[in-house]
Amino acid sequence: MSKVNVNKVVVAYSGGLDTSVIIPWLKENYDCEVVAFVADVGQGFYELEGIEEKAIASGASECYVVDLKEEMVADYIFPTLKTGACYEGKYLLGTSMARPIIAKAQVEIARKVGADALCHGCTGKGNDQIRFEGAFAALAPDLAVIAPWREWDLVSREECLDYLEARNIPCSASITKIYSRDANAWHLSTEGGVLEDTWNATNADCWAWTTDPEQAPNEAEYVSLKIEKGEVVAVDGEAMTPYNALVYLNDKGAKHGVGRIDIVENRLVGMKSRGCYETPGGTIIMEALRAVEQLVLDKTSFEFREELGVKASHLVYDGRWFTPLCKSILVAAEELAQDVNGEVVVKLYKGQAVVTQKRSDNSLYNEEFATFGADEVYDQSHAGGFIRLYSLSSRIRALNAAKK
């Protein structure tokens, strides 16, 4: 593929080995100015400490660090949760949900500095290249996109380190990197190492955030969540912003080993991959939301919400956030969530988050109707006529068959 002519490129920069190599590589191979963009999505202070200096030392002319934490949780994670999205029944889309807002902010920086190209450090094997470039196509089709991993001939960490050393560019990375990790306020993912063989059981190194459930406290802890229109607005009686509520629940959940999954998933590019994902606060929130839905949504509404969740999980995973279909699903989920108000108590114990109490002013559960005892509101004889009409087509079909 021939190289495009660019004058200024904005690169999504993490401070790690790959993006530290990408900056000088871009300058040498495209003869262009490189602006670094760093998205603060809650990956932690230590990952961001000194990152501007690192970017400049690598050759960037500028470095923009943009705080996206509150916006990511409020405008991307919470709307997705209303759909009930859970990819392939287990994965709470931690990496996937962060990509649209990062791409959007990167485009905004590109517009601000007058860049004519965007660059990401995603490999040619993964999903993220599709997520970023799909967002770029929707938001800035006029900007060129550079994907170094699909162009350069560097194939190992040793070669990348040698590349930097030859140019006297400092980097704290080591030759051996056992695991590949991605972190944000919602989750932490771990891939590689022993996980590449599916017959290998996980070990302590596969988990970097949550306590081993076997080593978690022997006493359960309870947290209460207040839900309004499908969103957490207060935890343990204290009003909180979406991001602060997530941080609070992350601390609680991680302490008790909540939110661990070990999954083999289907990547969009066709291959399967194995990963260990830790989503402590998110797991608690999902349990709470589903508990209120059980009270509030009628049978057909709940069935439709489940369909939305399956479809949304694939759209988010596949990098189709900025599409009409995704927007339509989010709007539908938002409408269904209008009555999803209530309070929930969740028990945290040895890796489990279990709802023990739930109530809602909009609850369709009525003890007078549901009781197994005597009641004055439901005439059981009425059920016979309902069943006869409900099964009428089956009755007619059987009668027709008997005539043959």
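Tutor: Let's start with threonine 123: beyond its neighbours within four places in sequence, threonine 123 is in contact (heavy atoms within 4.5 Å) with Gln129 and Trp149. Before we go on, this is a predicted model, where local features need pLDDT of at least 70, side-chain atom pairs count only at pLDDT 80 or more, and totals for chains, interfaces and linings use all residues. Residues are numbered from 1 along each chain as its sequence is written, and side-chain values use heavy atoms, leaving out hydrogens and water.

Why pick threonine 123? Because an unreviewed UniProt entry puts the annotation "binding site" on Thr123, Asn127 and Asp128, though such annotations may be inferred rather than shown by experiment. Threonine 123 sits in the loop that joins strand S4 (117-119) to helix H6 (128-139); helices (H or I, at least four residues) and strands (E, at least two) are DSSP runs, numbered from the N terminus. With a relative accessible area of 35%, threonine 123 is partly exposed, because buried means under 20%, exposed over 50%, and partly exposed in between (1.4 Å probe, protein chains only).

Now hop along to aspartate 128, which belongs to helix H6. Aspartate 128 has 17% relative accessibility, so it counts as buried. Setting aside residues up to four places away in sequence, aspartate 128 touches Thr95, Arg99 and Cys122.

Let's step back to the whole chain. Of its 404 residues, 47% count as buried. You'll find 14 helices and 14 strands in it, and the C-alpha trace spans about 85 × 60 × 45 Å along its principal axes. Among contacts with a separation of 6 or more, 74% are between residues 24 or more positions apart.

Domain 1 (8-166) and domain 2 (180-297 + 339-359) both contribute to the lining, so the second largest pocket lies between them; the bounds come from an automatic or database domain assignment.
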